[in-house]
Amino acid sequence: MSRPLRISPIRRKVTRRFYEPLLLLHALSPIRGERIKSEIIPDDPESNHIQLRRSFTNTIAYICAYKKGPDHVTAAALEKTPQGVVVWLCANADVEDGVITFLERILACVHRVVEKDSMEDLHQEASLATQRLTSMIVDFQAPRLNVYRAEIIESCIVPCQKLMTDYLKNNGSADRDKNTLEVNNLQQWLREYFCDDNGESTVPSLLDLSKACYDIRHTQYLKTVSMFAGQGRTRHETFERLYKLLGKLGKPLKSSKILTEAATKLAQDFSQGFTVKTVPSSVSQHLPFRGKKEATLDRIVNRMFSDSSKKTEFMDRLRSLMSGEGEEIDSFLQRERDAKTRVHAELLLIDYFERNSCNFLAQGEKYIGCSKPACYLCHMYITLHPSRYTIPPSHNKVYIGWRPPDVYVGESGAFRLLQAQERILLRMIGLVRDELSSEIKSRNMRLPYHTDSTTGITTTLESMRLGETETPPVYAGGPEQSALSLLEPNEDVGLRTSEDEDDEGGVPI
């Protein structure tokens, strides 16, 4: 798909009315609330198929985002055609040729499962496919997985081991505290797969490490980690980060199981095979301000608030949060106004499907999968879109470098498309201004930082602390032996995916 030369701008008055309150809202608090989770699907056979299609689409997006960082945030959608399923990919930067080749190999492996006629052959091929897919995903995602492993070794192991050792000293034998045995087991497991207490790393293969991290997802090991991650405990943030990183390292195997489960349960959907196609990324653009003087705090506030008392109320609230003088706040706004905008990957796919009247794989199920939860503005845009797309989960952060899909000069239906964009933007302006008004009146402190990504572990820290889990044995044979039990073909893992979205994303500002 070639790009026309020039983007047709939405009326400058509308875009300025959008970005000015957005700048002020971001200055007050860029995190607009707690995470928004995926909608809950009813528990019935048809709904299970809907959830599995969504999980399959999210998994495609996730495994293709093989590196960390905003450029690699990837969205996916499934189009139904007479020739089979078209898997559409888009990333914040253009999808690389290597990603397309990788995904074609993945989907060929999935389709080999679909082609099996007998149940015995189907499950045998699914078991083999799970192993192949896990190996392929781990190899391809090595840049991302190595970052997670390095962070655990460099930032988590030494402080966590020291704290657990102190815990054991203070709590004596297992007879006095049943948790001491579990802490001991966790220490041994961390030494085996990461590094010793002095930070000297061990070298299991990335595949063995990933399988081992998957193996402990619902075990006493993670329950022990979550115990130390409780609020108020020493270094609880380090243990919470360790918990999340272990979940991310185990995600390749979870992903492969979702793909093979979809192959066995959605064989009719996938019977004609797959084709991979891509939508190009957007061209970066500056924010729609004419000059530096237009984006000063004083000018923006004067345009926003005709009532001087409202202006004073806003400035008091802003200073209470930023602890800065007017010049410092102006410097902040100047940095923000220099941000370049781009269209996020999920909106590019929505725009492509709208322009080309594409049919989604499931009738009435307009679902765009993504390797990370949607940002605050993407979530708002999709919620307000008149075509009623499935509402995505969101990390609820404001990114100033956001813009809606582009309309190009001279393209067919440009005027109609611009009108539709303006209608959505005008509704977004109203919501942003309402949120700004509520934020000004609020006396709450800024919400604490949270990453854009989630762990991929369905079980939450709270349920780990309260629930019962099993302790896996410490295998004398090392990593190879501990991974043998992970590839059972009938394990149902695909339907509990409310927190599967994973990536540090968004657009830096």
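Before the first helix pair, a word on axes: they are lines fitted to C-alpha atoms, for helices over the stretch in contact, with angles running from 0 to 180 degrees between N-to-C directions. Helices are DSSP runs of H or I with at least four residues, numbered from the N terminus.

Hello everyone! What you see is a predicted model, where local features need pLDDT of at least 70 and side-chain atom pairs count only at pLDDT 80 or more, while totals for chains, interfaces and linings use all residues. Residues are numbered from 1 along each chain as its sequence is written, and side-chain values use heavy atoms, leaving out hydrogens and water.

Let's start with α15 (residues 345–356) and α16 (residues 376–384), whose axes come within 10 Å and cross at roughly 25°. The two are therefore roughly parallel to each other, a label for angles under 35 degrees. Their crossing is left-handed, meaning that the near helix is turned anticlockwise from the far one by less than a right angle. On the α15 side, E346, L347 and I350 make the contact, and on the α16 side C378, Y381 and I382 do; contact here means heavy atoms within 4.5 Å. Five of these residues are nonpolar, none polar and one charged. For those classes, Ala, Val, Leu, Ile, Met, Phe, Trp, Tyr, Cys and Pro count as nonpolar, Asp, Glu, Lys and Arg as charged, and the others, Gly among them, as polar.

Now to α9 (residues 236–249), which packs with α8 (residues 220–228) at an angle of about 150°, their axes 7 Å apart. That makes α8 roughly antiparallel to α9, the term for angles over 145 degrees. This crossing is left-handed. L222, V225 and F228 of α8 touch H236, F239, L242, Y243 and L246 of α9, giving seven nonpolar, one polar and no charged residues.

Helix α9 also meets α5 (residues 142–171), with axes that come within 9 Å and cross at roughly 145°, again left-handed. Among the α5 residues in this contact are L145, Y148 and R149, and α9 brings residues including F239, L242 and L246. By class there are 13 nonpolar, two polar and four charged.

How many cavities of 30 Å³ or more does a search of the whole structure find? Five. A cavity is a set of points on a 1 Å grid over the protein atoms alone where a 1.4 Å probe fits but cannot get out, and its volume is the space filled by probe spheres set on the points, which are joined across faces, edges and corners.

Technical notes. Parallel < 35°, antiparallel > 145°, perpendicular 65-115°, else oblique. 1 Å grid on protein atoms, 1.4 Å probe; cavity = no way out; pocket = protein on both sides within 12 Å on 5 of 7 lines; lining within 4 Å.
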